[in-house]
Amino acid sequence: MNIELRKLTLEDYADLKESMLQAYDSMGGSIWPKSSIAKLLNIFPEGQLCIAVDDKVVACSLAIIVEYDEYGDRHTYKLITGDYSFSTHDPNGDTLYGIEIFVHPEFRGLRLGRRLYEARKELCESLNLKSIIAGGRIPGYHEYADRLSPRQYIDKVKSKEIYDPTLTFQISNDFHVRKVLKNYLPGDRESKEYATLIEWNNIYYQGIDASARSAMTIRLGLVQWEMRLFPNMDAFYEQVEFFVDALSGYKSDFVMFPELFNTPLLQPYNHLPEIEAMRKLAEKTEEIVQKMHEYSLSYNTNIITGSMPLIEDGKLYNATYLCHRTGKIDEYRKIHITPNEQKYYGMIGGDKVQVFDTDCGKVGILICYDVEFPELSRIYADQGMQILFVPFLTDTQNGYTRVRHCAQARAIENECYVAIAGCVGNLPKVNNMDIQFAQSAVFTPSDFAFPTNAIKAEATPNTEMVLVVDVDLHLLDELHHYGTVKVLKDRRKDLYQVKLLK
């Protein structure tokens, strides 16, 4: 499955029409004519967004810009859209007005509506508009209209006593209700022709020009995972999804789990030799990766899955996966295997070294011991890497110190950000996984634009928690061209070189 959020085009109309008919079947299948979509695309193309799943448009949001005070809080849908002509659109207005948003019923489990709302917010910020305002249906109201007023119904939805498929979703996406509108959308029998006037405020509008915000700021979410035993796979997935959900709620572009974080699942095989137990665990890898792939889509975040054992052609690897929120999955296999992994599990190293293109730039992944070999990250840097992710697992503090200091060195020498995430806690009932030590962190290059200690953020040692960190890719470009020192540019390539042999 490939998911793409992009601007709507007129060529999408056939898919758009089909999805609208399905989405509004309960309202008689009302749809926008092609002429209306064409006009919107002509007057405000950047405001018309869609989501395509495998190249078929299944969700859409339409918007105009208005000078809101000209219409006020008592407007109707017909008035705010200029009798559906969009003559009310004002490029110099102060408010982004949402006139349509829908998701094809078959695709509502993927949280596509949430992606559209987030895209609208980003558009509002980039255009430096005061707020997003829309009239929201309350399709569940008809079931309570005989005993609750619209205001009472809305209050109960706010307090989560009642679930409304539209209003509950809007509230969870940081919109608040300004007032109740009457006769807003004639023919909306489910809402009894009532609507909520909802608003999302752009906090960057006052005092900070939203257009000046760096579009290259990426939010990293690191999971410092506590090793614990799980009674079953459902309990394991519940804990994984909890962290993905939490970090997605903070709008993290990436979520990273640690190396071999799923080894608590070895417990049922503790009676087996370590090498056989790890191979039994490897049988679960495909299922776990598929589950995290689903989370990456439904929570709209890129997930570095932490590493897991992988069997291919009878050989055991230590592999991690990059589950893109667009639907793609990339794989990286640990190159350098530790003596412990060789002795107890019979693991061997991978042989592919490459950066991965994401919707947030080029990233590299190294697993734990790999980061202690500077050649790999230097090759990544030559391939354009901007962020290096290092899931790790260390039992002792001296092992952690090696990973940490090598990761810091990689950030400085390659002019990139390096994020490390590890496991904490103990597993007394799992052989060879007794104790863990970790302090997850994000490291930066060392120059005036970055923290003086070159540490952007770090977690509390040996405590389960998440770390949410913003990194600015624009600062890396400035460093590369105007830094106090220019490590990548000043290399003596006439004297030495690092190159990939296969």
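1. In this predicted model, Lys-291 lies over the face of Tyr-237, at 5.4 Å from the ring centre. Tyr-237 also belongs to an aromatic cluster, which it forms together with Trp-225, Phe-230, Phe-236, Phe-242, Phe-243, Phe-257 and Phe-261.

2. Aromatic pairs number 24 in the structure. One of them joins Tyr-141 and Tyr-194, whose ring centres are 6.0 Å apart and whose planes stand at 90°, so the pair is edge-to-face. This pair links distant parts of the chain, since Tyr-141 sits in the loop between β5 (131-137) and α5 (150-158), while Tyr-194 is in strand β7 (residues 194-201), 53 residues apart. Tyr-141 is buried, with a relative accessible area of 4%, whereas Tyr-194 is partly exposed, at 22%.

3. Tyr-144 and Tyr-153 form another aromatic pair, and this one is tilted, with 5.6 Å from centre to centre and 45° between the planes. Of these two residues, Tyr-144 is partly exposed, with a relative accessible area of 22%, and Tyr-153 is buried, at 0%.

4. Helix α8 (residues 274-282) has Ala-277, Met-278, Leu-281 and Ala-282 buried. Seen down the axis of α8, these buried residues fall within an arc of 150°, so they line one face of the helix. As a general point, an α-helix has 3.6 residues a turn, so residues three or four places apart point the same way. The cover over the buried residues of α8 includes α9 (285-298), β10 (302-312), β11 (315-323) and α10 (339-345).

Notes
Residues numbered from 1 in each chain as written. Predicted model: local features only at pLDDT ≥ 70, side-chain atom pairs only at ≥ 80, totals over all residues. Heavy atoms only, no water. Buried < 20%, exposed > 50% of the residue type's maximum accessible area, 1.4 Å probe, protein only. Helix = DSSP H or I, 4+ residues; strand = E, 2+ residues; numbered from the N terminus. Arc of directions from axis to C-beta. Contact = heavy atoms within 4.5 Å. Phe/Tyr/Trp six-rings, centres within 6.5 Å; stacked < 30°, edge-to-face > 60°. Lys NZ or Arg CZ within 6 Å of the ring centre and 35° of its normal.
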